[in-house]
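Open the model in your viewer and keep the selection panel at hand. The stops below say what to select next and what is there.

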Amino acid sequence: MQQYLSQLNEAQRAAVVAGDGPSLVIAGAGSGKTRVLTYRIAYLLSKGVEPWRILALTFTNKAAREMKERIGVIVGDEVARNLWMGTFHSIFARILRKEAVNIGFSSSFTIYDTADSKSLIKSIIKDMKLVGKEYKPGLILSRISGAKNDLVTPAAYARDEHRMIADRSANVPKVHEIFQRYVKECRKADAMDFDDLLLYTNVLFRDHPESLARYQQQFRYVLVDEYQDTNFSQYLIVRKLAEQHHNVCVVGDDAQSIYSFRGAKIENILNFRNDYPEYKLFKLEQNYRSTQTIVNAANSIISNNKGQIKKVVFSEKEPGDKIKVLSAISDMEEGFLVVKNLITQRLENGSSYADFAILYRTNAQSRIFEEALRKNNIPYKIYGGLSFYQRKEIKDLLAYLRLAVNPRDGEALKRVINYPARGIGKTTLDRLEAAAAVNDLSLWEVLSHPSLSSLGFNAGTLKKLGSFTSLINGFISQVPNMDAYELTSEIVTQSGILKELHQDKSNEGQTRIENVDELINGVRDFSEGRREAGLENTLVHFLEEVSLLTDQDSETSDDNDKVTLMTIHSAKGLEFPYVYVVGVEEGLFPSSMSNYSEQAIEEERRLFYVAVTRAEKNVTLSYARSRFKYGEHSFATPSRFLSDIDSKYLDDSEVSLKQRSASTTPRFESGRSSAGSIAGRFKRKTPEFNYRERTSDSGPVPRFGNRAGADTSGLAIGCKVEHERFGCGEVVALEGVAPNVKATVSFENAGQKQLLLKFAKLKILK
DNA sequence: CGGACGATCCTTTTT
DNA sequence: GGATCGTCCG
């Protein structure tokens, strides 16, 4: 152990050997935070702490796996294997399966993914006859998810003035009812969604103190990585577990908080001191990853944000390359320029393809780079987007597996009741669902109910339903006898999936068969791997693993020496020698969705910070002046973030050439141009978004506002404003006091509306 | 009932 | 550009 400690700098070592009690490790980008966590765990183990007494929560399963391996090298695999290490979701799914009966679920409950949740919400909306396009499943789900992450029940939701007002002003006043129905349907289906895994853990700990006490006693040490991206629900789990002993070590960086859309509360890291006043603070400020230029440029970016914990990240590596900005006329050209530049850099430095990453804001951007790379015969791998497990043929097969384990799983049942086609159509399904609703049963319970025949189906339909039911019953009866692999093989043939797939002789059909084969192989590997490790290898376990996979987790072995393409979000925690951050344009990065609020822009800026700090040696930024969006091309201006970078870190050789073309390019974003002022070397700031100049400095203590709406402090009667949905209008009245100011706005096309400023996304035009 | 074909909506980001 | 949705017809 001693030799490992000597590899650390003073701050790192202090954090590793800190005794019992709470510690907060503020870890700047690239400051060796994983190393600290790894060694701290190894250190605890070397002090004689049993591995199963250590709970370490990471952001991805991959991070957990790698950390386990590294710890295994130090203390031995046998020991490392018994650590409780994984994502919040997978650890607590595991615990919930054991405790399921305490919270009214079975131990083989299904985990609904986002698509399942949306589909369920959709059918609830339909059933409630909520017409109008305001009720979009995705939007409703995010509202419900937000509530769950704040531990707000449907009843509490209905009492929550803020949520109700927000819903009303978005024309979706019935969300709370949908929420209520959704929770009920999930219970009926013996299913939990992602948020439920955390929510029900809290419910379990609240309602079953004896159970909480057991885990409190088991987990003597709790460690949390990426603490800045935990939500309230996760925060509370950690707090409860550590309630008695306060042996909690959290690691994070407020500057890298990029998941607020998922309910993450940056406040968790800031409030640590309140929950654990006796806490020890460790700051890791030396960056070992990147050159000085990259670190300093990143610092200059993040300094544009108001609220942050003070820290000075520095690098002692060489100054290194300046940051280059590639300016392209179109998205096609952007792809071409980036790939051209990549080829050059690779030849100049003799580096491999795996040293390069292309990072973008949205998955949709990947296509253009895939194309450019393919044309140049450059190998690449792409993360995210349509993952293997989201393909239709895979989801179909998985649905059968899910049914075998939990036939009440309504989403799975609806998916396959008529796949392969067996003559059970929409009419039949509608009637089954109606019967289920009336009798408060799941679809499966209706199907297997003795009085199914009294529902008035004709004999043919009854027969078809009966053979489907016995097919599934056959699978169910095999669950206890077969392992995951045997059962899957059985299901593929018996269900008729294989036969169905072989009907299709096209190329895509061939690919689908290969995919299914791949899944079967995956099940076999899983089955064997688990058996060798002496673990249970049932279908339940396989399904759980599959549903909690992150896209980083599904890396295959033939991914050597390839350029990496991924969103910035998925690049979190990773590093590459050469990084391209592409699509650095207004409306794309920062996303147009974040234009309404200061906090949203700050989060986008943190995302930009994360992107730049992934690089070890070189960062290249690129933007396009026009790109295809929704099938037609639209124009763009360079991102305001370019002007956040101190110009002394920018390589402007190429830029100055482009300035001329920039100034002659007409600007299409009227009135509220941004970093379109790229002339002047990104230096000039757009006053509208330069918050620091307008707001008095709040001092060294970070302050985080919680306003959700736009900055409308300058609003007065007579102002022209623009609303996302209602369009342009004029303010005719203002009443109430901040933060509850209500404005009456007369819209040109939508008439007069009363809007609460903190919720309405009003843009002041004049 | 099921497949085919246009219309329509859309896009952040993910466990 | 592309996935999803509703409608139409065999």
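Start with strand β2, residues 54-58. For β2 the burial count is 5 of 5 residues. Strands here are DSSP runs of E with at least two residues, helices are runs of H or I with at least four, and both are numbered from the N terminus.

A note on the source: this is a predicted model, in which local features need pLDDT of at least 70 and side-chain atom pairs count only at pLDDT 80 or more, while totals for chains, interfaces and linings use all residues. Residues are numbered from 1 along each chain as its sequence is written, and chains are lettered from A and ligands numbered from 1 in the order in which they are written.

Two strands count as paired if DSSP finds at least two bridges between them.

Now select the whole sheet: it is open, has 6 strands in the order β3-β2-β6-β7-β1-β8, and its pairing is parallel. β3 (84-87) and β8 (280-284) are the edge strands with a single partner each, so one side of each has no neighbour in the sheet. On average, neighbouring strands are turned by 15° against each other, direction ignored.

Contact means C-beta atoms, placed from the backbone, within 7 Å.

**Glu 285**

Step off the end of β8 to Glu 285, in the loop between β8 and β9 (286-287). Is Glu 285 buried or partly exposed? Glu 285 is partly exposed, with 14 other C-beta atoms within 10 Å. Its C-alpha atom is 8.2 Å from that of Ala 29, 256 residues away along the chain. Beyond neighbours within four places in sequence, Glu 285 contacts Gly 28, Ser 31, Lys 311, Val 312, Val 313 and Phe 314.

**The core**

Select Ile 41 next. Leaving out residues up to four places away in sequence, Ile 41 touches Ile 54, Ala 56, Ile 71, Leu 83 and Leu 223. Ile 41 is among the residues that touch the most other members of the largest nonpolar core, which has 146 residues. Such a core is a set of buried Ala, Val, Leu, Ile, Met, Phe, Trp, Tyr and Cys residues joined through C-beta atoms within 7 Å. Helix α3 (residues 33-46) gives the largest share of this core, 8 residues. Another core lies apart, with 38 residues, including Val 405 and Val 492.

Select the open sheet of 7 strands, ordered β13-β14-β12-β15-β16-β11-β19 with parallel pairing. Its edges are β13 (380-382) and β19 (650-651). Inside, β11 (residues 323-328) pairs with β16 (residues 615-624) over 5 bridges, and Val 325 stands opposite Leu 621. Helix α18 (residues 331-349) lies across β11, β12, β15 and β16, at about 155° to β16.

Finish with α20 (residues 392-405) and α25 (residues 484-494), whose axes come within 10 Å and cross at roughly 120°. The contact is made by Leu 397, Tyr 400, Leu 401 and Ala 404 of α20 and Leu 487, Thr 488, Ile 491 and Val 492 of α25.

Definitions and conventions: A residue is buried if 20 or more other C-beta atoms lie within 10 Å of its own, exposed if 12 or fewer, and partly exposed in between; C-beta atoms are placed from the backbone. Two residues are in contact if their C-beta atoms, placed from the backbone, lie within 7 Å. Axes are lines fitted to C-alpha atoms, for helices over the stretch in contact, and angles run from 0 to 180 degrees between N-to-C directions.
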